[in-house]
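Work through the exercises below with the sequence and the model side by side. Try each task before reading its solution.

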Amino acid sequence: MNRLITTRFALSVLLAGTALTALLPAQAQPMMGEMGMQHDEGRMHERMVKHWEKRQAELKAKLHLAGAQEPAWMAFVQSMKVPANRLVHPIDREALAKLSTPERMDKMNALHEVNLATMQAHVKQRTEATRTFYNQLSVEQQKVFDAETLPEHSRWKSKAN
(Lines give C-alpha, C1' and ligand atoms only; values in the text may rest on other atoms or scores of the structure.)
Protein backbone atom coordinates (compact mmCIF):
# COMPACT_ATOMS: atom_id res chain seq x y z
CA MET A 1 0.00 0.00 0.00
CA ASN A 2 2.80 2.43 0.94
CA ARG A 3 4.59 1.63 -2.27
CA LEU A 4 1.46 2.39 -4.28
CA ILE A 5 1.02 5.75 -2.53
CA THR A 6 4.70 6.61 -3.05
CA THR A 7 4.47 5.66 -6.72
CA ARG A 8 1.34 7.77 -7.20
CA PHE A 9 2.98 10.74 -5.45
CA ALA A 10 6.11 10.44 -7.60
CA LEU A 11 4.00 10.27 -10.77
CA SER A 12 1.96 13.28 -9.63
CA VAL A 13 5.12 15.31 -9.01
CA LEU A 14 6.54 14.26 -12.37
CA LEU A 15 3.30 15.17 -14.14
CA ALA A 16 3.10 18.52 -12.35
CA GLY A 17 6.72 19.27 -13.21
CA THR A 18 6.15 18.40 -16.84
CA ALA A 19 3.00 20.51 -16.98
CA LEU A 20 4.76 23.44 -15.34
CA THR A 21 7.66 23.17 -17.77
CA ALA A 22 5.20 23.21 -20.67
CA LEU A 23 3.38 26.21 -19.22
CA LEU A 24 6.41 28.35 -18.36
CA PRO A 25 6.48 30.16 -21.74
CA ALA A 26 2.71 30.65 -21.61
CA GLN A 27 2.95 32.26 -18.19
CA ALA A 28 5.02 35.09 -19.62
CA GLN A 29 1.73 36.61 -20.79
CA PRO A 30 -0.24 38.64 -18.23
CA MET A 31 -3.11 36.74 -16.64
CA MET A 32 -6.44 37.51 -18.16
CA GLY A 33 -9.60 37.70 -16.10
CA GLU A 34 -13.24 37.94 -17.01
CA MET A 35 -14.10 39.32 -20.42
CA GLY A 36 -10.45 39.50 -21.46
CA MET A 37 -9.51 42.14 -18.89
CA GLN A 38 -6.24 41.90 -17.00
CA HIS A 39 -6.40 40.22 -13.62
CA ASP A 40 -6.24 42.84 -10.87
CA GLU A 41 -5.21 41.05 -7.70
CA GLY A 42 -5.51 44.19 -5.59
CA ARG A 43 -9.07 44.86 -6.64
CA MET A 44 -10.01 41.22 -6.19
CA HIS A 45 -8.50 41.20 -2.70
CA GLU A 46 -10.43 44.34 -1.85
CA ARG A 47 -13.71 42.76 -3.00
CA MET A 48 -12.97 39.64 -0.95
CA VAL A 49 -12.22 41.71 2.16
CA LYS A 50 -15.48 43.66 1.75
CA HIS A 51 -17.42 40.41 1.35
CA TRP A 52 -15.70 38.94 4.42
CA GLU A 53 -16.44 42.05 6.51
CA LYS A 54 -20.10 41.95 5.44
CA ARG A 55 -20.36 38.27 6.42
CA GLN A 56 -18.72 38.97 9.78
CA ALA A 57 -21.17 41.81 10.49
CA GLU A 58 -24.11 39.56 9.59
CA LEU A 59 -22.79 36.78 11.82
CA LYS A 60 -22.26 39.14 14.74
CA ALA A 61 -25.81 40.47 14.41
CA LYS A 62 -27.27 36.96 14.34
CA LEU A 63 -25.26 35.86 17.38
CA HIS A 64 -26.64 38.65 19.62
CA LEU A 65 -23.39 38.83 21.57
CA ALA A 66 -23.40 39.96 25.18
CA GLY A 67 -21.03 42.72 26.29
CA ALA A 68 -18.79 40.17 28.02
CA GLN A 69 -18.40 38.29 24.73
CA GLU A 70 -17.25 41.35 22.79
CA PRO A 71 -13.50 40.94 23.54
CA ALA A 72 -13.68 37.28 22.42
CA TRP A 73 -15.43 38.40 19.20
CA MET A 74 -12.77 41.03 18.48
CA ALA A 75 -9.98 38.50 19.05
CA PHE A 76 -11.75 36.03 16.76
CA VAL A 77 -12.22 38.58 13.97
CA GLN A 78 -8.58 39.72 14.22
CA SER A 79 -7.27 36.16 14.07
CA MET A 80 -9.43 35.29 11.06
CA LYS A 81 -8.18 38.16 8.90
CA VAL A 82 -6.10 37.25 5.89
CA PRO A 83 -2.44 38.02 6.60
CA ALA A 84 -0.95 41.02 4.82
CA ASN A 85 1.91 38.94 3.44
CA ARG A 86 1.18 36.08 1.10
CA LEU A 87 0.93 32.60 2.52
CA VAL A 88 2.36 31.03 -0.61
CA HIS A 89 5.86 31.83 -1.84
CA PRO A 90 5.86 32.59 -5.57
CA ILE A 91 7.89 30.55 -8.05
CA ASP A 92 10.95 32.25 -9.53
CA ARG A 93 10.39 31.16 -13.12
CA GLU A 94 13.68 32.57 -14.39
CA ALA A 95 15.65 30.61 -11.81
CA LEU A 96 13.67 27.44 -12.60
CA ALA A 97 14.35 27.82 -16.30
CA LYS A 98 18.10 27.60 -15.62
CA LEU A 99 17.80 24.27 -13.79
CA SER A 100 17.75 20.76 -15.20
CA THR A 101 14.45 18.89 -14.97
CA PRO A 102 15.42 16.85 -11.88
CA GLU A 103 16.79 19.98 -10.16
CA ARG A 104 13.65 21.90 -11.11
CA MET A 105 11.45 19.13 -9.69
CA ASP A 106 13.47 19.11 -6.45
CA LYS A 107 13.19 22.90 -6.19
CA MET A 108 9.44 22.81 -6.86
CA ASN A 109 8.95 20.01 -4.33
CA ALA A 110 10.90 21.95 -1.67
CA LEU A 111 8.84 25.08 -2.39
CA HIS A 112 5.66 23.01 -2.19
CA GLU A 113 6.72 21.67 1.23
CA VAL A 114 7.37 25.21 2.54
CA ASN A 115 4.05 26.47 1.18
CA LEU A 116 2.19 23.49 2.61
CA ALA A 117 3.75 23.96 6.05
CA THR A 118 2.89 27.68 6.00
CA MET A 119 -0.71 27.03 5.01
CA GLN A 120 -1.08 24.26 7.62
CA ALA A 121 0.20 26.59 10.35
CA HIS A 122 -2.30 29.25 9.22
CA VAL A 123 -5.18 26.76 9.28
CA LYS A 124 -4.19 25.54 12.76
CA GLN A 125 -4.07 29.13 14.05
CA ARG A 126 -7.52 29.87 12.64
CA THR A 127 -8.91 26.62 14.01
CA GLU A 128 -7.63 27.42 17.48
CA ALA A 129 -9.06 30.95 17.31
CA THR A 130 -12.44 29.56 16.24
CA ARG A 131 -12.45 27.02 19.08
CA THR A 132 -11.56 29.70 21.62
CA PHE A 133 -14.38 31.96 20.43
CA TYR A 134 -16.87 29.09 20.07
CA ASN A 135 -16.31 28.10 23.70
CA GLN A 136 -17.37 31.64 24.75
CA LEU A 137 -20.80 31.21 23.11
CA SER A 138 -24.01 29.95 24.68
CA VAL A 139 -25.60 26.76 23.33
CA GLU A 140 -28.08 28.81 21.26
CA GLN A 141 -25.29 30.98 19.87
CA GLN A 142 -23.27 27.87 19.01
CA LYS A 143 -26.20 26.55 16.96
CA VAL A 144 -26.37 29.85 15.06
CA PHE A 145 -22.60 29.84 14.58
CA ASP A 146 -22.72 26.24 13.31
CA ALA A 147 -25.44 27.06 10.77
CA GLU A 148 -23.88 30.33 9.61
CA THR A 149 -20.36 29.02 9.16
CA LEU A 150 -21.22 26.11 6.91
CA PRO A 151 -19.48 26.35 3.55
CA GLU A 152 -21.64 28.42 1.21
CA HIS A 153 -22.47 25.54 -1.11
CA SER A 154 -23.91 23.66 1.88
CA ARG A 155 -26.18 26.60 2.72
CA TRP A 156 -27.35 26.78 -0.89
CA LYS A 157 -28.12 23.09 -0.88
CA SER A 158 -30.16 23.34 2.33
CA LYS A 159 -32.07 26.39 1.01
CA ALA A 160 -32.97 24.57 -2.19
CA ASN A 161 -34.49 21.64 -0.30
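**Before starting**

This is a predicted model, in which local features need pLDDT of at least 70 and side-chain atom pairs count only at pLDDT 80 or more, while totals for chains, interfaces and linings use all residues. Residues are numbered from 1 along each chain as its sequence is written, and side-chain values use heavy atoms, with hydrogens and water left out.

**Exercise 1. The whole chain**

Task: state how many helices and strands the protein chain has, and what share of its residues counts as buried.

Solution. Begin with the elements, where helices are DSSP runs of H or I with at least four residues and strands are runs of E with at least two, numbered from the N terminus. The protein chain has seven helices and zero strands, and read from the N terminus the order is α-α-α-α-α-α-α. Next comes burial, for which buried means under 20% relative accessible area, exposed means over 50%, and partly exposed lies in between, with a 1.4 Å probe and protein chains only. Of the 161 residues in the protein chain, 17% count as buried. Finally, take contact to mean heavy atoms within 4.5 Å; among contacts between residues at least 6 apart in sequence, 66% join residues at least 24 apart.

**Exercise 2. Two helix pairs**

Task: describe how α3 packs with α5, and then how α5 packs with α6.

Solution. Two packed helices are described by the angle between their axes and the distance between the axes. Here the axes are lines fitted to C-alpha atoms, for helices over the stretch in contact, and the angles run from 0 to 180 degrees between N-to-C directions. The axes of α3 (residues 70–80) and α5 (residues 101–134) come within 9 Å and cross at roughly 165°. The two helices are therefore roughly antiparallel to each other, a term for angles over 145 degrees. On the α3 side the contact is made by Ala72, Trp73, Phe76, Ser79 and Met80, and on the α5 side by Gln125, Arg126, Ala129, Thr130 and Phe133.

For the second pair, α5 and α6 (residues 139–148) pack at about 145°, with their axes 11 Å apart. In this contact Thr130, Phe133 and Tyr134 of α5 meet Gln142, Phe145 and Asp146 of α6.

**Exercise 3. His64 and Val114**

Task: is His64 buried or exposed, and where does Val114 lie?

Solution. His64 is found in the loop between α2 and α3 and is exposed, with a relative accessible area of 64%. Most residues other than glycine have a negative phi. His64 has a positive phi of about 50° although it is not a glycine.

Val114 lies in α5 and is partly exposed, with a relative accessible area of 38%. The C-alpha atoms of Val114 and Val88, 26 residues apart along the chain, are separated by 8.3 Å.

Key: Angles under 35 degrees count as roughly parallel, over 145 as roughly antiparallel, 65 to 115 as roughly perpendicular and the rest as oblique.
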